[in-house]
Amino acid sequence: MTAPPGRRERKKAATRQKIADTALRLFLERGYDEVGIREVAAEADVAVTTVFSHFASKEALVFERNEDFEQRLARAVTDRAPHEPLIPALRREILVMVRHCATGDAAPIWRMVDESPTLRQYEESMRLRHANSLAAAIATELELAQPTTFCRTIARFVVDSHSLAREAPDPEAAVDEIFRMIEAAWKAGGPAHT
């Protein structure tokens, strides 16, 4: 059993969340490009260095759940029940994430991302990193020394399914459709062929 976080960890997490919430509010009110890090720090009542101790860049303030997304996908591979097929486990995790992103609260954030070339580029670099991480988890699961083209392809399909589904008129139906294709690719080139 994991011990609950101590006071220091709780305080750091609260500060991080306060900064992220403040930044997002300012970005949505005034526009991403119109708000600087100094303004975020002042509004959150922290030093600029504190902002950068929690977030590597201005873009990271928008995607503050980035690491969680990456870890959740890897855990969908590593923490699934014995004998549970891989692709349904990944589908289930993507579906949870898509449902979260399809809420009314998330729509303005995704509009902001879609309207900003800087944020779209940052999102693309995140997706590549997530796909590499997922490919490594799949390779480990298949007892491969390193990710093969097959592992990287499946991982990229899974990671890209999130953005494709969230942009669809019916995100859940899109997840189902995309994962039928991923399942077919898995069966066509799966573990027996790596």
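**Entry: Ser 161**

Where does Ser 161 lie? I found it in helix α9. Is Ser 161 buried or exposed? Its relative accessibility is 0%, and buried means under 20%, so Ser 161 counts as buried. I then listed what Ser 161 touches, leaving out residues up to four places away in sequence: Ile 94, Ile 178 and Phe 179.

**Entry: helix α5**

Next I checked the length of α5. The helix covers residues 66–78, which is 13 residues. At 1.5 Å a residue α5 should span 18 Å, and I got 19 Å between its end C-alpha atoms, which agrees.

Which residues of α5 are buried? I wrote down Asn 66, Phe 69, Glu 70, Leu 73, Ala 74, Ala 76 and Val 77. Looking down the axis of α5, I saw these buried residues fall within an arc of 150°, so they line one face of the helix.

What covers the buried residues of α5? The cover includes α6 (86–101), α8 (117–141) and α9 (149–166). That brought me back to α9, the helix that holds Ser 161.

Asp 45 sits in the loop between α2 and α3 (48–54). Asp 45 is exposed, because its relative accessible area is 66% and the cut-off for exposed is over 50%.

I also noted His 83, which is not a glycine either and has a positive phi of about 70°. The loop between α5 and α6 is where I found His 83. With a relative accessibility of 83%, His 83 counts as exposed.

**Entry: what the UniProt record says**

I looked up the unreviewed UniProt entry. In the model I got 75% helix and 0% strand over residues 13–73, with the end C-alpha atoms 22 Å apart.

The unreviewed entry also lists a "DNA-binding region" at residues 36–55. Over residues 36–55 the chain is 75% helix and 0% strand, and I got 14 Å between the end C-alpha atoms.

**Entry: the whole chain**

How many helices and strands does the protein chain have? I counted 10 helices and 0 strands. The C-alpha trace spans about 55 × 40 × 25 Å along its principal axes. The chain has 194 residues, and 43% of them count as buried. I also looked at contacts with a separation of 6 or more, and 67% of these join residues 24 or more positions apart.

I finished with confidence. The protein chain averages a pLDDT of 90, and 96% of the residues score at least 70. Where is confidence lowest and where is it highest? It is lowest in α5, at a mean of 87, and highest in helix α2 (residues 37–44), at 96. One note for later: where pLDDT is low, the predicted coordinates should not be read in detail.

Notes:
Residues are numbered from 1 along each chain as its sequence is written. This is a predicted model: local features need pLDDT of at least 70, side-chain atom pairs count only at pLDDT 80 or more; totals for chains, interfaces and linings use all residues. Side-chain values use heavy atoms; hydrogens and water are left out. UniProt positions are given in the numbering used here, feature names are shortened, and annotations may be inferred rather than shown by experiment. Helices (H or I, at least four residues) and strands (E, at least two) are DSSP runs, numbered from the N terminus. The expected span of a helix is 1.5 Å times one less than its number of residues. Buried means under 20% relative accessible area, exposed over 50%, partly exposed in between (1.4 Å probe, protein chains only). The arc is that of the directions from the helix axis to the C-beta atoms. Contact means heavy atoms within 4.5 Å. pLDDT is the predictor's confidence in each residue, from 0 to 100.
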